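I opened my notebook for a friendly walk through a two-chain model. Here is what I looked up, entry by entry.

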Amino acid sequence: MRMLDAIAAAREADNLDALVSLIPYTQFMGISMQVRDGDVFGKLAFADHLIGNATLPALHGGTIGALLESTAVFKLLWQAETLAIPKTINITVEYLRSGKAQDTLARAEFTRQGRRVANVRAIAYQDDPDRPIAAANAHFLLIRDDD
Amino acid sequence: MPAMPAPPGSDPQAKLEFINQWFASGVPHNRELGVHAIGVHATGITSELPYADRLVGNPETGFLHGGAITTVLDATCGVSVLIALRKPLRIATLDLRIDYLKPTTPRSNVLCKADCYKITRHVAFVRGIAHHGDEADPIASAAGTFMIFGSRLTGNKDKDAS
C-alpha cells in the first residue's frame, strides 16, 4: 500500500496499525500507536535490547527520543494536513526521569499548526502521566500538494 | 549513564578497544544497533552506526528514522562527556537538541563526531554532528547538556539515579 493511501485508510478506519506497519524502524523498535478518545497514544513495548544502562537498568535515551518523535509524527499523520510523512526540522528532548525496564507511553499535542510548519509538544511516561520521564518540543515541515 | 574509567595509555587502538568494551558491548541498545567507536580525541569520540534496512523511517524515500539518528547522537555525546571528564563519574542527559539538516543517503552508514567543549562542576556541554563521511556536509547536528554526579567537588551527595 502506498503511504498516501495508507494515511487515508488509517483516518477512515480510526486505526493506525497498517500505517505503523509500513515503517521498518517502528516495527523493529516495538513502537505502536493506539487511537483512544480521539487522540493518538504511542507505546514503546519493553524489550531487553532497548536498555542503555544495564546497571540500573534504564532505557537508552535514544529509544525514548524515538518514541516521542514517532508519536508526534503519527499524531500529525492522523490530524494534520500533510500528504506524506512530515519532515522533522528539529527536536529537543528533555530527560526528566530514568526510563525503567517496562513499557513506555507517549502522547503529543500541537502547540501551533501552521500551513507549512507544525510545533508539537510530546511527553513520555510509564506509570503516571503526571510524572513524565521525558518531554520533547519539535518542529515539523508538513508536506502539501503545492510542494 | 554509568561511570566509565578513564581509558588507559596513549595507544589509540588500545583506547578504542577499551571504550568499545564499555560503549559498543556494554550498552545493550548500542550493541543491538552495532554502534561502535571508530576514533577518539581528547574531548570526545567518533562513532559509526552501520546501515540496516530496519532503521528506515520512510519506506518511500529510504531515509533513516530520526530516532536512529537521535540514538547514535545521544550515545556519542554521552560517551564524549565521559572521555572529557577523565574520571569515572556518572552522568545523565538533561537535554538533547537535534537539528535535521538534510535527509540521510539511503543505504549509507552514519558517522557521528562529538565534542564535550565545556565542563563545569555539575554540568557538561556537548555538541555533535552526524554525517556520511564528510564532516563539512552533515546530516544532523546536536547540542546536549549532561548532569555530572558524584564529583569530588559535589561531595557525592547526588542520589538521582539515571
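Where does α1(B) bend, and by about how many degrees? I found that α1(B) bends at B:Ile19, by about 35 degrees, the bend being the angle between axes fitted to the seven residues ending there and the seven starting there.

Ground rules first. The model is predicted, with local features needing pLDDT of at least 70 and side-chain atom pairs counting only at pLDDT 80 or more, while totals for chains, interfaces and linings use all residues. Residues are numbered from 1 along each chain as its sequence is written, and chains are lettered from A and ligands numbered from 1 in the order in which they are written.

Entry: Helices here are DSSP runs of H or I with at least four residues, strands are runs of E with at least two, and both are numbered from the N terminus. I then listed the buried residues of α1(B): B:Leu16, B:Ile19, B:Asn20, B:Phe23 and B:Ala24. Buried means 20 or more other C-beta atoms within 10 Å of a residue's own, exposed means 12 or fewer, and partly exposed lies in between, with C-beta atoms placed from the backbone. The buried residues of α1(B) pack against α2, β1, β2 and α3 of chain B.

**Entry: chain B as a whole.** I counted three helices and eight strands in chain B, in the order α-α-β-β-β-β-α-β-β-β-β. Its C-alpha atoms fill a box of roughly 55 × 30 × 30 Å along the principal axes. Buried residues make up 48% of the chain.

**Entry: B:Ala84.** I picked this residue in helix α3 of chain B. B:Ala84 counts as buried because it has 21 C-beta neighbours inside 10 Å. Leaving out residues up to four places away in sequence, B:Ala84 touches B:Thr43, B:Gly44, B:Cys116, B:Ile119 and B:Ala124; contact means C-beta atoms, placed from the backbone, within 7 Å.

**Entry: strands of chain A.** I followed β2(A), residues 39-44, which pairs with β1(A) in the antiparallel sense over six bridges (pairing takes at least two DSSP bridges). A:Arg36 stands opposite A:Asp39, and in the hairpin of β1(A) and β2(A), with two residues between the strands, A:Asp37 takes a positive phi near 50 degrees. β2(A) also pairs antiparallel with β6(A), over four bridges, where A:Gly42 has A:Ala106 as its bridge partner. The covered face of β2(A) holds A:Val40, A:Gly42 and A:Leu44, and the uncovered one A:Asp39, A:Phe41 and A:Lys43.

**Entry: where the chains meet.** How many residues of chain A are in contact with chain B? I noted 36, facing 34 residues of chain B. β5(A) gives the most to chain A's side, with eight residues. β5(A) and β5(B) pair in the antiparallel sense over five bridges, and A:Ile91 stands opposite B:Ile98.

Note on methods
Contact = placed C-beta atoms within 7 Å.
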